[in-house]
Amino acid sequence: MSISGCMTPCFVVMLNNGDGTFQPPVFNQPAAAIYPFGFADFNGDGKLDIAGGGCSPYQPCVMGFLWGDGDGTFQDGPTYEFTWGPGSGAVADFNNDGNLDFAAADLGNIGATLLSKGNGTFDGPFIFDAGGYYMQAADFNGDGNQDLAFSIPNPSSSAGVALGNGNGTFQTEVAYPVGKTASQLVVGDFNNDHQLDLIVADQTSTNVYTLLNTGVVSFTPTTAATFANQLVGTTSKPQTVTLTNTGVSALSISSIKATGQFTMTNTCPSSVPPGGNCSITVTFAPQTKGTQYGTVSIVDSASIKPEVIDLVGAATLVSLSPAALNFPPQKLHTTSQPMTSTLTNHGSTPLTFTSFKFQGEWGEYSQTNTCGTQIAAGASCVITVWFTPVYTGKQTAVLQISDNGGGSPQGLYLSGIGTN
């Protein structure tokens, strides 16, 4: 069926006949740009109304309502000016008075709530500092107040959660990085621990990301503990994650264990009081080359399943000594004295090279090396670098060395200062 004849702003309703067929489309042309975000009986007449928002050319952006006639048509209801174009909205009881309210937000990290009185009038809008697309309302922390979750595609792809205060306002949004461009957002209990989790799709790939709710336990930082290139047989510098009990009762911890090629210590007692915290410190001690994965699993009273901190590290058999070359000030368009770094193959088999490439201010640097395409087990080669500045100030670059030694590409970090 073709649907046409609608001028922006416009939306179409097709009434269900109950047998899998639908009546002809009913066109609705509201006075303001109200695109549907949610439905409820906001004015108490027993008919579904629309809460939504949007922008029209040469008119202010709005969030507002359309009153349902019960036959697929709608009448203009109240509208409220909004900062940018609302990109998402959700309907829920945000102040616990038994009436369904409306929240909308945009990508400018600005949101607003309109609190319904149940008769078609509203208090607000109440502005809050949170925003994104594909908003969902749910009680994520079990305090009886409705919270908000968003997907935030830019400037950094993430899922954001703003906890509700129970009065139509929200706490500062906490962002959890996912993928490259966060898109659709779904709420559900995906690991059967009776906590509401999030799934976020990445619109620039085929990936979806699951964020499991840890209940009254929060972790700082919120991202996986990631370790840069570490030589096999050595131990990295430690990374620390802080565990905080955000609940109102003591958190009982029965075990904390690390898996994979990682070691862990912690300061966590068997009982963490409300508002209390403790630290979990992890080091990476690889025994085999390549990307290594692991976890820290915490068994506690916050969930029927363990909380998990993801761990990832890159293990390599290749070392650079030194790993950075810092050139002294050099006059423009002149070439520095050479500086060198020694690359060593710590493996038991030959190391094969595929490329030596500069990234960054590559035009300022040049290199030669004695590595060729392969060096033997236990052997070393020398990389020689020159700095030729073409403009004043600090110039940095990385010589990326691609090989089969694990953790590729290796990075030789370069910096220099151009002077007149």
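Predicted model: local features only at pLDDT ≥ 70, side-chain atom pairs only at ≥ 80, totals over all residues.

Trainee: Why is Cys55 called partly exposed, and what makes Cys61 buried?

Mentor: Buried means under 20% relative accessible area, exposed over 50%, and partly exposed in between. Cys55 has 33%, so this residue is partly exposed. Cys61 has 15%, and therefore counts as buried.

Trainee: What makes Cys268 and Cys278 a disulfide, and which hand does the link have?

Mentor: The S to S distance is 2.0 Å, and the limit is 2.5 Å, so the pair is a disulfide. Because the torsion about the S-S bond is about 80 degrees, the link is right-handed. Cys268 lies in the loop between β22 and β23, whereas Cys278 belongs to strand β24; the two are 10 residues apart. Both Cys268 and Cys278 are buried.

Trainee: How do you know that Cys371 and Cys381 are joined?

Mentor: Their sulfur atoms are 2.0 Å apart, which is within 2.5 Å, so this too is a disulfide. The torsion of about 80 degrees makes the link of Cys371 and Cys381 right-handed.

Trainee: Why are Cys371 and Cys381 called buried?

Mentor: Cys371 has a relative accessibility of 2%, and Cys381 has a relative accessible area of 2%. The cut-off is under 20%, so Cys371 is buried, and so is Cys381. A search of the whole structure finds three disulfides.

Trainee: What makes β22 and β24 paired strands?

Mentor: Five bridges join β22 to β24, and pairing needs at least two, so these strands pair. They run antiparallel, and Thr265 stands opposite Thr281 in β24.

Trainee: Why are β18 and β22 described as standing at the edges of their sheet?

Mentor: The sheet is open, with four antiparallel strands in the order β18-β20-β24-β22. β18 and β22 each have a single partner strand, so one side of each is left without a neighbour in the sheet. Neighbouring strands of this sheet are turned by 25 degrees against each other on average, direction ignored.

Terms used. Residues numbered from 1 in each chain as written. Heavy atoms only, no water. Buried < 20%, exposed > 50% of the residue type's maximum accessible area, 1.4 Å probe, protein only. Axes fitted to C-alpha atoms, helices over the stretch in contact; angles between N-to-C directions.
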